[in-house]
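Subject: Structure handover

Dear colleague,

I am passing the structure below on to you, and after it I set out what was found in it. Please have it open while you read.

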Amino acid sequence: MEQKFCQSCGMPLTEEILGTNADGSKSNEYCIYCYKDGAFTGDFTMEEMVEYCSMFVEEYNKNTRQNLTACQYKDVLRQYYPTLKRWKGDDANLPHADHPMKKVFIEEVNALCIPGLHVENLYVLQGSFINQPYTINGNEVRLLDDNATYWGNQIVKDDNRCYGIACCEEFILVSEYGKDGKDAELVMLKRRKK
């Protein structure tokens, strides 16, 4: 069987990560991280997509047995992306990231008034990718579901640590961590009003 790739980010498509159309059916062209409920999850330019996906160079290296730097990987993506549907078509005909819940989550995160945290965009992220371990009462715990998807983002702070945001219908989680997710600390876990 021919391997299909997301026509936005280029990742291999499997049944588990297919995006969803507006009617809830599975998309055969885009992954869930790029496409949800009939719209793209982020209003990226191609260069912004290159910048975002370059964060996953270690995963690319592991799967291809290469040892590219982030800059080298960006060059690979710049050559590859113009062959994908999202980047070779007319932008005006593409479904834009206007999911109403994304806007609600952005407003709710910014209303938390956490110093140095201001969110302008959120993306669909897999729980297993962002499920940091926290030490609570001497025990290591993870608060997210590895198999769920969340609206989230990473915001770099002035001290080179990062805020991580994960939002779902039930709660908003904000964490703080160092390079590669090290020394993660829970900043806030807020139950959402439904």
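The side chains of lysine 74 and glutamate 51 form a salt bridge of 2.8 Å, N to O (a salt bridge being a side-chain nitrogen of Lys or Arg within 4 Å of a carboxyl oxygen of Asp or Glu). Because lysine 74 belongs to helix α3 (residues 70-80) and glutamate 51 to helix α1, the pair ties together parts that are 23 residues apart in sequence; helices (H or I, at least four residues) and strands (E, at least two) are DSSP runs, numbered from the N terminus. Lysine 74 is buried at 14% relative accessibility, whereas glutamate 51 is partly exposed at 41%, where buried means under 20% relative accessible area, exposed over 50% and partly exposed in between (1.4 Å probe, protein chains only).

Please note that this is a predicted model, in which local features need pLDDT of at least 70 and side-chain atom pairs count only at pLDDT 80 or more, while totals for chains, interfaces and linings use all residues. Residues are numbered from 1 along each chain as its sequence is written, and side-chain values use heavy atoms, with hydrogens and water left out.

Lysine 74 is also one of the residues touched by serine 54, together with Ala70, Tyr73 and Leu77, not counting residues up to four places away in sequence (contact meaning heavy atoms within 4.5 Å). Serine 54 lies in the loop between α1 (46-53) and α2 (57-64), and is buried, with a relative accessible area of 6%.

The structure holds 10 salt bridges. Among them is one of 3.7 Å, N to O, between the side chains of arginine 161 and glutamate 185. Since arginine 161 sits in the loop between β8 (149-156) and β9 (162-167) and glutamate 185 in strand β11 (residues 185-191), this pair ties together parts that are 24 residues apart in sequence. Salt bridges that share partners join Lys157, Asp159, Arg161, Glu176 and Glu185 into one network.

Turning to the rings, a search of the whole structure finds 8 aromatic pairs (rings of Phe, Tyr and Trp, for Trp its six-membered ring, pair if their centres lie within 6.5 Å; planes under 30 degrees apart count as stacked, over 60 as edge-to-face and the rest as tilted). One of them is the tilted pair of tyrosine 30 and tyrosine 35, at 5.0 Å centre to centre and 35° between the planes. Ring pairs link Tyr30, Tyr35 and Phe40 into a cluster.

With kind regards
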